[in-house]
Amino acid sequence: MPLSMMIVLAIALGLSLVQGARIVLGRRWSFGSYLGFSWAFFVAFATAELWSLRAGNWVVAIISFLALREYFSMVEIRLQDRLGILGAYASIPFMFHFVTIQWYGMFIISIPVYSFLAIPLLVTLGGCEKEGTVFSIGVIDFGLFLFVYCMGHISYLMSYSIWMAAMLILNVAVCDAVSCLLQDQGKAVWARLARRYFLPLPVTVLLAVALSPWTTIPERHSAVLGALIPLLVVMGRHTGNYVEADLGVAEETVGPGRGQILDNLKSLLFVAPIVFHYIRYFLDLP
Amino acid sequence: MKSGRLGALIRAAIHLAVLRPLVRLYCGVHVAGSAHLQQLRRFIIIANHNSHLDVFLLFSLLSARDIALTHPVADETYFARFPIVFALVRFLFQPVWIRRGHPDRNDDPLRGLKDLLDRGHNLVVFPEGTRGRPGELQAFKSGLGRLVSEYPGVPIVPVFLSGPERVLPKSSVIPLPFWSHVLVGPPQVCIGSPRDITHHLQNTLCVLSQSGVIRRRPRQRRLQRHQPAPAVAILGIDGSGKSTVSRRLAQHLSTEGNACLVSDRLEFFENGEPKPLQPLGLEAARGLVGRYAKRARSLAHYKIPKLTELLLRDRLLAEVNRWYAPRIIVLDGSPLLNIAAWAVLYRKEHLDDDTLAKAIAVLAGDKPGPRRTDPVFAELPELRQLDRLGLTHLGLPRLMVLLDLPPELACARVAARGGPRQPHETEEKLGSLREAYRRVLRITAQKWNIPALTVDGTQPPDDAAGETLRFVRNNLEQNYGQPSTH
């Protein structure tokens with residue numbers, strides 16, 4: 001069976017299970033305008049495998065754009081921040097271009113160096129109101145970092161191996177499914193976090209090791225990654241929950257343009273960059 | 001007529017195939033309540049106006065049939081300035097033009113609108129007249145009321161748009177991607193005087209604008225600084241029933257707001273019921289040290305663990321305020337006052353009142369406190385160590401209650417309780433401890449002006465708790481602190 005078919009089948013199976021659980025549980029799911037994030041990544045992988053890697057990278061860029069747009073729609077901005085926000089949107093093609101040409105050095109500094117210097121300048125060039133400058137710069141940079149820079153790592157991981165990225169997304173989906181299924185409102189925070197780490201742990205370790213012939217990650221590193229991913233997902237979700245709460249996204253108000261994408265991407269915030277750098281460092285990749 | 005039909009077809013095709021997907025892909029559009037519009041054959045849409053994008057969003061609500069039959073009301077003098085835009089707008093939206101600022105006495109300014117309504121067409125009206133300040137609803141123009149009162153059979157659909165003012169504000173040229181929320185309200189049928197109708201429609205749109213679906217958090221909120229909850233310290237020797245009394249007190253006080261009890265265990269009460277809460281790491285550490293201290297064989301061995309436990313207990317108060325935000329804290333023994341009383345016990349009766357007051361000032365971290373050369377540090381070397389290590393700045397309670405009990409009775413109660421006895425639980429030691437508490441209470445009440453109450457510990461715990469509760473209510477009524485938002 002060709003590799004591409006297997007990828008398609010494996011990912012479709014895994015994600016169908018997760019989304020099935022979501023639908024059955026009636027958790028924040030409505031077809032139509034909803035962007036099921038794992039499906040979107042699946043589309044990116046399929047595009048990269050069946051068509052070209054470049055196209056797959058640009059699909060991830062679109063996911064980044066949608067996430068960033070939703071984030072900016074929820075924060076309060078001043079009229080003069082529009083220039084800075086334009087800069088933030090422009091950073092997406094800027095960074096993803098270096099991903100597609102696989103220029104690692106430039107990809108990794110594009111946003112932290114150039115965008116993070118350009119945006120404060122653009123914000124101050126947008127008008128003469130000085131009050132609220134720090135807040136605006138912080139808000140814009142934070143969104144750019146989380147939704148573009150962190151997502152960019154998944155895109156770059158695809159250029160190493162689509163299977164590596166697929167392994168990452170599948171493991172995160174497993175952790176998300178566990179989080180979705182667990183009903184532990186009354187429990188203490190530490191108990192909740194521990195359950196969310198230890199329950200998916202056997203599955204993620206097994207999955208990572210089982211996929212190691214395809215991901216080409218040695219088994220011991222696969223096992224470490226399998227143990228690392230649930231931890232990072234727990235951290236990402238915990239952070240994401242605080243961000244959501246401050247943005248006013250509650251269980252009942254979540255909807256299109258109101259935290260739906262953020263709600264799904266929060267698991268990936270920590271996982272994507274750290275797993276990427278783990279793989280790059282220990283496998284000595286370019 | 002033939003060319004008109006072709007034009008309508010092209011117009012609908014452009015709207016459906018180009019404009020609508022473009023708007024939806026570039027800036028996301030979320031429509032709530034579109035069912036309100038679907039069943040209507042005739043309607044007048046009224047909407048707030050903040051951006052040129054508004055009309056695109058409203059047209060994206062319409063069905064293919066209605067696109068050709070719906071006309072926005074637009075100001076001719078504004079659009080006539082740009083001939084290309086004028087032609088484009090005229091082709092895409094077929095607006096009904098009105099002239100702003102040129103009232104012609106002989107001509108009815110609403111005639112064009114009435115003509116269209118007579119022919120069964122629909123209208124899109126921005127009753128604010130012009131694009132207003134972002135996010136603010138301006139007063140409606142009176143023309144709307146006059147128009148509606150003449151056509152009582154045409155339902156009015158109020159639509160509130162949130163987001164276009166960010167995508168394309170009044171002074172900007174480049175649209176930026178932001179989500180737009182379109183709220184379609186229930187259709188209104190209005191009968192009455194024009195003025196009442198205008199007023200009613202304005203209210204309807206105003207109510208729609210306050211829907212939680214589109215509310216964003218304000219930009220900079222002043223952070224609510226939590227006032228530390230007032231602490232009520234229940235003091236007393238072992239066996240005086242202070243654990244029982246403080247527990248009852250916390251339970252009673254929790255009917256007026258959350259109450260936290262810092263005793264051997266941390267407990268939290270809400271509406272008189274204990275409530276489980278997230279555990280604190282510091283609390284676990286304190287529990288360990290506390291249990292270790294209770295196993296001490298002699299007073300010398302008891303000192304350091306007990307001191308550690310009391311210091312941790314004090315730090316715990318800050319944690320409790322931060323994580324639980326209670327309305328009031330009931331302390332089973334105040335760390336500061338307990339340390340002071342134990343200092344008296346260890347030093348026997350050598351401490352005079354002045355030295356004791358200075359020691360309490362050092363522990364409370366008062367500024368300016370006694371100098372380093374002060375005799376109080378020579379008298380109490382442990383105090384010097386604490387001060388050097390920066391372990392002072394313990395909190396003074398807001399209120400103090402002493403449960404007074406003769407040591408014989410206390411000993412009897414401790415014996416009745418069973419279990420291993422701690423080294424200081426003898427009649428003699430408890431007697432001196434009781435004296436020490438009395439002195440500490442008197443000095444603190446005088447010097448720091450803290451309300452204090454001495455309760456007879458021989459009465460049943462319920463009576464003692466009742467007396468304490470009255471005291472707390474009387475003294476805390478004025479300055480209870482901010483009610484907790486937790």
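Buried area is the accessible area, taken with a 1.4 Å probe, that two parts lose on being put together, summed over both. The model in your viewer is a predicted one, in which local features need pLDDT of at least 70 and side-chain atom pairs count only at pLDDT 80 or more, while totals for chains, interfaces and linings use all residues. Residues are numbered from 1 along each chain as its sequence is written, chains are lettered from A in the order in which they are written, and side-chain values use heavy atoms, with hydrogens and water left out.

**Stop one: the contact of the two chains**

Select chain B and chain A together; the area buried between them is about 2,500 Å², and carbon and sulfur atoms give 53% of it.

**Stop two: salt bridges in chain B**

Over all chains the count comes to 27 salt bridges. Select Arg248(B) and Asp462(B), whose side chains meet in one of them at 2.8 Å, N to O. This pair links distant parts of the chain, since Arg248(B) belongs to helix H11 (residues 242-253) and Asp462(B) to helix H20 (residues 461-476), 214 residues apart. Arg248(B) is partly exposed at 28% relative accessible area, and Asp462(B) is partly exposed at 49%; the classes are buried for under 20%, exposed for over 50% and partly exposed in between, with a 1.4 Å probe and protein chains only.

Next, move to helix H13 (residues 299-323) of chain B, where Lys306(B) and Glu309(B) are three residues apart and so separated by about one helical turn. Their side chains meet in a salt bridge at 3.6 Å, N to O. Glu309(B) also forms a salt bridge with Arg313(B), with the closest N and O atoms 3.2 Å apart, and these two residues lie four residues apart in H13, about one turn of the helix. Which class do these side chains fall into, buried or exposed? Lys306(B) is buried at 18%, Glu309(B) at 5% and Arg313(B) at 3% relative accessibility.

**Stop three: a buried serine**

Select Ser334(B) in the loop between strand E12 (328-332) and helix H14 (335-346) of chain B. Ser334(B) counts as buried, because its relative accessibility is 0%. Leaving aside neighbours within four places in sequence, show Ala233(B), Leu235(B), Gly395(B) and Pro397(B), with which Ser334(B) is in contact.

**Stop four: cysteines of chain A**

The whole structure holds zero disulfides over all chains, a disulfide being a pair of cysteine sulfur atoms within 2.5 Å. For Cys150(A), the nearest cysteine sulfur is that of Cys175(A), 17 Å away. Cys150(A) is buried, with a relative accessible area of 2%, whereas Cys128(A) counts as exposed at 73%.

Technical notes:
Contact = heavy atoms within 4.5 Å. Salt bridge = Lys/Arg side-chain N within 4 Å of Asp/Glu carboxyl O.
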